[in-house]
Amino acid sequence: MEKYISKENLEAFSADFGSSRKNKIAMNAVIANGVNDVATRWGAGKNFEFSLTLDNKGITNQKSSGRCWMFAALNCLRFQVIKNLNLSDFELSQNYTCFYDKLEKSNYFLESILQTLDEPEGSRVLQHICRSPIQDGGQWDMISSIITKYGVCPKDAMPESACSSATSEMNSVVTEK
């Protein structure tokens, strides 16, 4: 096949698809019912068996912040702390790791600006860097690096604040500055 889709390619695809009775039945079902309803495996059942089940020690609430990735990792650690120290309840400070996440993202932003000093003022690279320097999102490698570098602390030592529970205002102010 060529690098582009030609009229001949489309005609061949259509003829191949139309030559199958199963394809025609599937197409009609999707047109009439939508792909999600047709693709559902009725009778497959739900499998609620997991290789690991954790005792529920209360729900943690990220409130109006984008820190689900952080909460998930800290809850895994929380379970181990409760189990290993035989505690009835315990919670790690999400605010503590949030602070260091914002610090690391701010430093990354400043380092990126230093690396792009030769860029023209309105360049797309600079626009991209400046658009959202300390957004909330993250993933496992980021929280793992924060914990490795800064550790963790109990929630009692650094409880949630208005800024950590609703991060959009703080993110907007830092981005503006």
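Modeller: Buried means under 20% relative accessible area, exposed means over 50%, and partly exposed is what lies in between, all judged with a 1.4 Å probe and protein chains only. The model is predicted, so local features need pLDDT of at least 70 and side-chain atom pairs count only at pLDDT 80 or more, while totals for chains, interfaces and linings use all residues. Residues are numbered from 1 along each chain as its sequence is written, and side-chain values use heavy atoms, with hydrogens and water left out.

Biologist: Why does Y150 count as partly exposed?

Modeller: The relative accessibility of Y150 is 22%, and because the buried class holds only values under 20% and the exposed class those over 50%, Y150 falls in between and counts as partly exposed.

Biologist: What makes Y100 and Y150 a stacked pair?

Modeller: Rings of Phe, Tyr and Trp (for Trp, its six-membered ring) pair if their centres lie within 6.5 Å, and planes under 30 degrees apart count as stacked, over 60 as edge-to-face and the rest as tilted. The centres of the Y100 and Y150 rings are 3.9 Å apart and their planes stand at 15°, so the pair is stacked. Y100 lies in helix α5 and Y150 in helix α7, so this pair ties together parts that are 50 residues apart in sequence; helices here are DSSP runs (H or I, at least four residues), numbered from the N terminus.

Biologist: Which kind of pair do F99 and Y100 form?

Modeller: F99 and Y100 form an edge-to-face pair, with 5.0 Å from centre to centre and 85° between the planes. F99 is partly exposed at 44% relative accessible area, whereas Y100 is buried at 19%. Together with Y96 and Y150, these two residues form one aromatic cluster, and the structure holds three aromatic pairs.

Biologist: How do you know that K149 and E104 meet in a salt bridge?

Modeller: A salt bridge is a side-chain nitrogen of Lys or Arg within 4 Å of a carboxyl oxygen of Asp or Glu, and for K149 and E104 the N to O value is 2.9 Å. K149 lies in helix α7 and E104 in helix α5, so the pair ties together parts 45 residues apart in sequence. K149 is exposed at 56%, and E104 is partly exposed at 26%.

Biologist: Which residue does D101 form a salt bridge with?

Modeller: D101 forms one with K105, and their closest N and O atoms are 3.1 Å apart. Both lie in helix α5 (residues 94–115), four residues apart, about one turn of the helix. D101 is buried at 3%, and K105 is buried at 8%. The structure holds six salt bridges, including the one between R67 and E160 at 2.7 Å, N to O.

Biologist: What makes up the largest nonpolar core?

Modeller: A nonpolar core is a set of buried Ala, Val, Leu, Ile, Met, Phe, Trp, Tyr and Cys residues joined through side-chain atoms within 4.5 Å. The largest such core has nine residues, among them W69, M70, F90 and I143, and α4 gives the most to this core, with five residues. Leaving aside neighbours within four places in sequence, F90 is in contact (heavy atoms within 4.5 Å) with R78, V81, I82 and P154.

Note on methods
Helix = DSSP H or I, 4+ residues; strand = E, 2+ residues; numbered from the N terminus.
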